[in-house]
Amino acid sequence: MRLVAGIALVVEGVMSLRGGTSIGAAILHVLGAGAGILLLAGLWTPIAGVLVAILALWQAFLHPGNPWSCIMLGTLGAALALLGPGGWSVDARLFGWKRIDIRDRKN
């Protein structure tokens with residue numbers, strides 16, 4: 001999921017910058033591409049996921065013609081923020097794999 005969202009964000013950012021957009025839209029796409037690079041690496045995944053969700057919703061309101069790709073990227077960003085980076089990420093190497101043990105209440 002990280003790879004799909006990250007690749008989509010980086011490609012969208014590069015394509016919009018090559019197309020000669022306005023400065024406001026270019027800033028949004030650069031932020032999105034930066035978040036996509038963080039997602040690809042698996043670094044600061046919850047923060048990058050929230051950033052992706054906010055940017056995608058903002059972009060969906062700015063370009064109301066076809067908001068479905070923005071809604072999909074926003075949903076992926078929110079899911080990644082909630083699920084975390086996974087085992088193959090920089091976050092897992094830096095901070096370790098988090099495990100929650102639920103005890104049985106039979107006592």
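Helices here (H or I, at least four residues) are DSSP runs, as strands are (E, at least two), and both are numbered from the N terminus. This is a predicted model, in which local features need pLDDT of at least 70 and side-chain atom pairs count only at pLDDT 80 or more, while totals for chains, interfaces and linings use all residues. Residues are numbered from 1 along each chain as its sequence is written, and side-chain values use heavy atoms, with hydrogens and water left out.

**Stop 1: the end of α2**

Select Gly-42, which follows α2 and has a positive phi, near 80 degrees. Next, pick Trp-44 in the loop between α2 and α3. Its phi is also positive, about 50 degrees, although Trp-44 is not a glycine. For context, most residues other than glycine have a negative phi. Trp-44 is partly exposed, with a relative accessible area of 48%; buried means under 20%, exposed over 50% and partly exposed in between, with a 1.4 Å probe and protein chains only.

**Stop 2: α2 itself**

Now select residues 23-41, which form helix α2. α2 has 19 residues and reaches 27 Å from its first C-alpha to its last, close to the 27 Å expected at 1.5 Å a residue (the expected span is 1.5 Å times one less than the number of residues). Its buried residues include Ala-25, Leu-28, His-29, Gly-32 and Leu-39. Among the elements that cover the buried residues of α2 are α1, α3 and α4, where contact means heavy atoms within 4.5 Å.

**Stop 3**

Axes are lines fitted to C-alpha atoms, for helices over the stretch in contact, and angles run from 0 to 180 degrees between N-to-C directions. Angles under 35 degrees count as roughly parallel, over 145 as roughly antiparallel, 65 to 115 as roughly perpendicular and the rest as oblique.

To view the contact, show side chains including Leu-28, His-29 and Leu-38 in α2, and Val-52, Trp-58 and Gln-59 in α3. By class, this contact of α2 with α3 has eleven nonpolar, five polar and no charged residues. Ala, Val, Leu, Ile, Met, Phe, Trp, Tyr, Cys and Pro count as nonpolar, Asp, Glu, Lys and Arg as charged, and the others, Gly among them, as polar.

**Stop 4: Gln-59**

Stay in helix α3 and select Gln-59. Is Gln-59 buried or exposed? At 13% relative accessibility, Gln-59 counts as buried. Leaving out residues up to four places away in sequence, Gln-59 touches Glu-12, His-29 and Cys-70. Zoom out to see that the buried residues of α3 pack against α1 (2-18), α2, α4 (68-83) and α5 (90-95).

**Stop 5: α1 against α2**

Finally, show α1 beside α2: they pack at an angle of about 150 degrees, with their axes 7 Å apart. That makes α1 roughly antiparallel to α2. By class, the contact of α1 with α2 has 13 nonpolar, six polar and two charged residues.

Finish on Leu-17 in helix α1. Leu-17 is partly exposed, with a relative accessible area of 44%. Leu-17 touches Ala-26 and Val-30, not counting residues up to four places away in sequence.
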